[in-house]
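I begin with the term on which the later entries rely.

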Amino acid sequence: MSNTKTKGRPWTRDELIIAMNLYCKLPFGLLHARNPEVMALASLLDRTTGSVAMKLCNLASLDPVHQARGVSGLSGGSAMDKEVWNQFESDWDSLAFESEKLLADRRGIRVEESADILETELPRVGKERERMVKQRVNQSFFRSAVLAAYEGRCCLTGIALPELLIASHVVPWAMNEAARVNPRNGLCLNAFHDRAFDRGLITLSDDLIVQVSPKLLRAKPDDTTAKWLISFDGESIRLPHRYRPEIEFVRWHRENCFQAA
């Protein structure tokens, strides 16, 4: 065992960014030392599993959602913890990619490999390759963060099959560059309701209550449409354990995408 695994070794900024990456990707109940992903990161950072688990809980103590629920996490977080947290919050696009790059470097692989991007899908060199790699890597990060926030369940139906789940953007990718990777611009939806949300057949109120388009409500829908769309009108979504949807994004969708007429 490496003798660097000593109690009290200060965390570096790079290590904290990597820890934040894992925090974003783990459901809240899995931030413990017995989790294989925590064990793997501890090995990668040459730290004890307890040290990594404690740092994840320190990060949880900074999360407004957990603060509002009265879950304070463990005390003892550093000023650098808060600094890294705030850097993510102010620039998800840059920090998500930086965290993935640092993690790939630690693993001794290229960041393209970590996101399962095939060489045949990319230009060989140049700015366009860099742009495409960052976009694909960040899309993968966004999906992982959103699904973890909702504990891998559709926020409308509770469906938990990963093959059917979409990390849906509230404000579409093309409409707000700064919000593209922000998990608060995400909902975990099954493929059917993702399509309905994208097409403005459903939206959310400021209180995160489902609103079905009046167009559908007036249309005397068939039984299947009534079951899969109309029945959700007025229902609350399943709230995430972190990264609750930002109200300004929800309002944007309601005002710009929803078929209200």
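I count a residue as buried when its relative accessible area is under 20%. I note that the model is predicted.

Entry on Arg-184. I looked up its accessibility and found 10%, so Arg-184 counts as buried. Its side chain meets that of Glu-89 in a salt bridge, at 2.6 Å from N to O. Arg-184 lies in the loop between E1 and E2 and Glu-89 in helix H5 (residues 79-90), so the pair ties together parts 95 residues apart in sequence. I found Glu-89 partly exposed, with a relative accessible area of 26%.

Entry on Arg-180. I located Arg-180 in the loop between strand E1 (165-169) and strand E2 (186-190). Arg-180 is buried yet has no salt bridge. The nearest side chain of opposite charge, Glu-177, is 4.7 Å away, and a salt bridge requires nitrogen and oxygen within 4 Å. Leaving out residues up to four places away in sequence, I found that Arg-180 touches Phe-142, His-169, Trp-173 and Ala-174.

Entry on other salt bridges. I found 13 salt bridges in the structure. One of them joins the side chains of Asp-105 and Lys-101, at 3.3 Å. These two residues are 4 apart in helix H6 (residues 92-107), which means a separation of about one helical turn.

Entry on cysteines. I searched the whole structure and found 0 disulfides. For Cys-24, the nearest cysteine sulfur is that of Cys-57, 14 Å away. For Cys-188, the nearest is that of Cys-154, at 6.3 Å. Cys-24 is buried at 0% relative accessibility, and Cys-188 is buried with a relative accessible area of 0%.

How values were computed: Residues are numbered from 1 along each chain as its sequence is written. This is a predicted model: local features need pLDDT of at least 70, side-chain atom pairs count only at pLDDT 80 or more; totals for chains, interfaces and linings use all residues. Side-chain values use heavy atoms; hydrogens and water are left out. A disulfide is a pair of cysteine sulfur atoms within 2.5 Å. Buried means under 20% relative accessible area, exposed over 50%, partly exposed in between (1.4 Å probe, protein chains only). Lys and Arg count as positive and Asp and Glu as negative; His and the chain ends are not counted. Contact means heavy atoms within 4.5 Å.
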